[in-house]
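Good morning, everyone, and thank you for making time for this. Please have a look at the sequence and the model on the screen, and I will then walk you through them part by part.

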Amino acid sequence: MSEETTTETGAVATAPVSIDPDFREQAIEALKNVSDPELGVNIVDLGLIYDLAYDEEHDALVISMTLTSAGCPLTDVIENDIAESLDGLVAAFRINWVWMPPWTPARITDDGREMMRALGFNI
């Protein structure tokens with residue numbers, strides 16, 4: 001079931017809805033195959049994924065995510081890697097780039113910290 005909202009112009013827009021927990025886990029596992037090109041750690045354990053939802057109107061997974069810095073020049077690489085990792089799992093996806101709250105190292109998971117240490121980062 002979709003959630004409808006009314007825009008300022010009075011049009012009805014369909015908002016993304018929550019997704020099935022099993023599917024969410026499958027999507028998270030697939031997204032762990034996508035690494036931040038600069039840091040070499042997957043985007044899930046780096047804490048870049050804020051939320052997953054589903055847009056029924058466009059039959060698309062909505063990935064709310066951020067980057068370690070707003071000026072990251074590698075968004076195209078990340079988007080292409082996400083497309084490859086989700087191939088066969090979803091018909092379509094879109095990224096909702098989120099800048100608030102800003103990413104901080106506190107969002108990195110324990111696994112992500114171990115990966116970063118293995119790459120020589122002091123975290």
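Of the 123 residues in the protein chain, 36% count as buried, where buried means under 20% relative accessible area, exposed means over 50%, and partly exposed lies in between, with a 1.4 Å probe and protein chains only. What you see is a predicted model, in which local features need pLDDT of at least 70 and side-chain atom pairs count only at pLDDT 80 or more, while totals for chains, interfaces and linings use all residues. Residues are numbered from 1 along each chain as its sequence is written, and side-chain values use heavy atoms, with hydrogens and water left out.

The accessible surface of the protein chain comes to about 7200 Å², and 49% of it belongs to carbon and sulfur atoms; such areas come from the Shrake-Rupley method with a 1.4 Å probe, and for residues only the protein chains shown count as cover.

Let me turn to the elements. The protein chain has three helices and five strands, and from the N terminus on their order is β-β-α-β-β-α-β-α. Helices here are DSSP runs of H or I with at least four residues, strands are runs of E with at least two, and both are numbered from the N terminus.

How do strands S4 and S5 run relative to each other, parallel or antiparallel? Strand S4, residues 60–65, and strand S5, residues 93–97, run parallel and are joined by five bridges; two strands pair if DSSP finds at least two bridges between them. Within this pair, Ile63 stands opposite Ile95 in S5. Between the two strands the chain passes through helix H2, residues 75–86, and this β-α-β crossover is right-handed, which means that, with the strands pointing away from the viewer, the path from the first strand over the helix to the second runs clockwise.

Now to the interior. In soluble globular proteins, nonpolar side chains tend to be buried together. A nonpolar core is a set of buried Ala, Val, Leu, Ile, Met, Phe, Trp, Tyr and Cys residues joined through side-chain atoms within 4.5 Å. The largest one here has 28 residues, and those that touch the most other members are Leu31, Leu52, Leu61, Ile63, Met65 and Ile82. Helix H1 (21–31), strand S3 (49–55), S4 and H2 are the elements that give two or more residues to this core, and the largest share, five residues, comes from H1. If we leave aside residues up to four places away in sequence, the residues that Leu52 touches include Ile19, Ala27, Leu31 and Ile63, a contact being heavy atoms within 4.5 Å.

Finally, the charged pairs. The structure holds three salt bridges, each being a side-chain nitrogen of Lys or Arg within 4 Å of a carboxyl oxygen of Asp or Glu. One of them joins the side chains of Arg24 and Asp51 (3.8 Å, N to O), and because Arg24 lies in helix H1 and Asp51 in strand S3, this pair ties together parts that are 27 residues apart in sequence. Another joins Asp55 and Arg94 (3.6 Å, N to O); Asp55 lies in strand S3 and Arg94 in strand S5, so here the parts tied together are 39 residues apart in sequence. Asp55 counts as buried, at 2% relative accessibility, whereas Arg94 is partly exposed, with a relative accessible area of 36%. Lys32 also forms a salt bridge, with Glu29, and their closest N and O atoms are 3.5 Å apart.
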